[in-house]
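Q: Got a model open here and want to talk it through. Can you take my questions as they come?

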Amino acid sequence: MSTIDRRTFLACSAAMAVAVAAPASAVAATDTVVRETGVKLKLGLNAFSFDAALRQGKMTLSDAVHFCAKNGVDALDATGYYFPGYPAVPTDEAIYALKRTAFVNGVAISGTGVRNDFAVADPAARAKDVQMVKDWIVVASKLGAPVLRVFSGVKRPEGNTFDEALAWMVDDFKQCADLGRQHGVVIALQQHNDFLKTAAETIRTIEAVDSPWFACILDIGSLRSADPYVEIEKLVPYAVSWQIKEQVGRNGKEEPTDLSKIKAIIDRSGYRGYVPFEALGPGDPAPRIVAFLTKIRSAFGL
């Protein structure tokens, strides 16, 4: 892997899939994510839906696993913030206890995530966050999570151009993607209306990193300019996971998500994998999550 470039890897992967699994028409060989054609969706719950309860110690990630099991949700996106001691890595005992709980309850761990900031000019600060991401790549591998969610940065850095910041950020992401390759963990960039604000900026970043181990978490609620559904469709070929949210943004204003449009985009574009969702707001999160889950199931035919 270290001796071949990404384009060669993708071409070889597509060719092998054609040879052993399907006719050529059944495999999409692109420079983004190589997967079989067609749609195959599994629902996931993003742990952030229980943010307050998890942070306050009123529930644990294991409780979130049991919630998924009781409500027929296929997977939990077990965000790293909710492990005791974050950003320090959890003990192996804590990692494996959650892994076992998920396994015996038939709930997959579809991913985990950290909050890094690579949009800062200070190399030492970035190096610290790069190491933090690397440490959590190992956690993800032990947990059996195929994806580690990362961010670009909190805001556009003052005193530097977008291109200058992107250049150092890409170098940081390349380091992370290479370690992800070594541990079998895809590094997935969540655009969050922060340093990255548009689909084009996100795609530019992913293509600059140029690794099959670096892709996109498609956060439908953080695309705030122009038509959100057009922006979402641009990102689907780069997506290895999602965050389905109750609201999308249009020209800086929020509006309720049209889930039927999201499903139509998925059907047109093709996607196979987990679609974690996130339900937010005041009050008891459980009924809110169940209500949003019901809407998603209806719109997605799940």
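Q: How are helix 6 and helix 7 oriented to each other?
A: Helix 6 and helix 7 are oblique to each other. Angles under 35 degrees count as roughly parallel, over 145 as roughly antiparallel, 65 to 115 as roughly perpendicular and the rest as oblique. Note that this is a predicted model: local features need pLDDT of at least 70, side-chain atom pairs count only at pLDDT 80 or more, and totals for chains, interfaces and linings use all residues. Residues are numbered from 1 along each chain as its sequence is written, and side-chain values use heavy atoms, with hydrogens and water left out.

Q: What angle and axis distance do helix 6 and helix 7 have?
A: The angle is about 50°, and the axes of helix 6 and helix 7 (residues 199-209) are 9 Å apart. Axes are lines fitted to C-alpha atoms, for helices over the stretch in contact, and angles run from 0 to 180 degrees between N-to-C directions. Helices here are DSSP runs of H or I with at least four residues, strands are E runs of at least two, and both are numbered from the N terminus.

Q: Which hand is the crossing of helix 6 and helix 7, left or right?
A: Right-handed. A crossing is right-handed if the near helix is turned clockwise from the far one by less than a right angle, and left-handed if anticlockwise.

Q: Which residues meet there?
A: From helix 6, F162, D163, L166, V170, F173, K174 and A177. They meet E201, R204, T205, A208 and V209 in helix 7. Contact means heavy atoms within 4.5 Å.

Q: And helix 5 against helix 6, how do the axes cross?
A: At roughly 20°, with the axes of helix 5 (residues 123-143) and helix 6 coming within 10 Å. That makes helix 5 roughly parallel to helix 6. The crossing is right-handed.

Q: C176, buried or exposed?
A: Buried, with a relative accessible area of 1%. Buried means under 20% relative accessible area, exposed over 50%, partly exposed in between (1.4 Å probe, protein chains only). C216 is buried too, at 0%.

Q: Switching to the core. Which residues touch the most other members in the largest one?
A: L76, W242 and I244, out of 85 residues in the largest nonpolar core. Such a core is a set of buried Ala, Val, Leu, Ile, Met, Phe, Trp, Tyr and Cys residues joined through side-chain atoms within 4.5 Å. Helix 6 (residues 162-183) gives the largest share of this core, 10 residues. Apart from it lies another core of five residues, including V147, A188, A215 and I217.

Q: What is W242 in contact with?
A: Setting aside neighbours within four places in sequence, the partners of W242 include I217, L218, I220, I232 and V236. Y271, Y274, V275 and P276 are among them as well.

Q: Where is D77, and is it buried or exposed?
A: D77 sits in strand 4 (residues 75-77). It is buried, at 3% relative accessibility. Beyond four places in sequence, D77 contacts L45, N46, A47, S110, G111, T112 and R149.

Q: What about phi at A226 and N251?
A: A226 has a positive phi of about 60°, though not a glycine. N251 also has a positive phi, of about 55°. Most residues other than glycine have a negative phi, and most peptide bonds are trans.

Q: Where are A226 and N251?
A: A226 is in the loop between strand 8 (214-219) and helix 8 (228-235). It is partly exposed, at 40%. N251 is in the loop between strand 10 (247-250) and strand 11 (253-256), and counts as exposed at 59%.

Q: Last one. How many helices and strands does the chain come to?
A: 10 helices and 12 strands. Buried residues make up 49% of the 302 residues.
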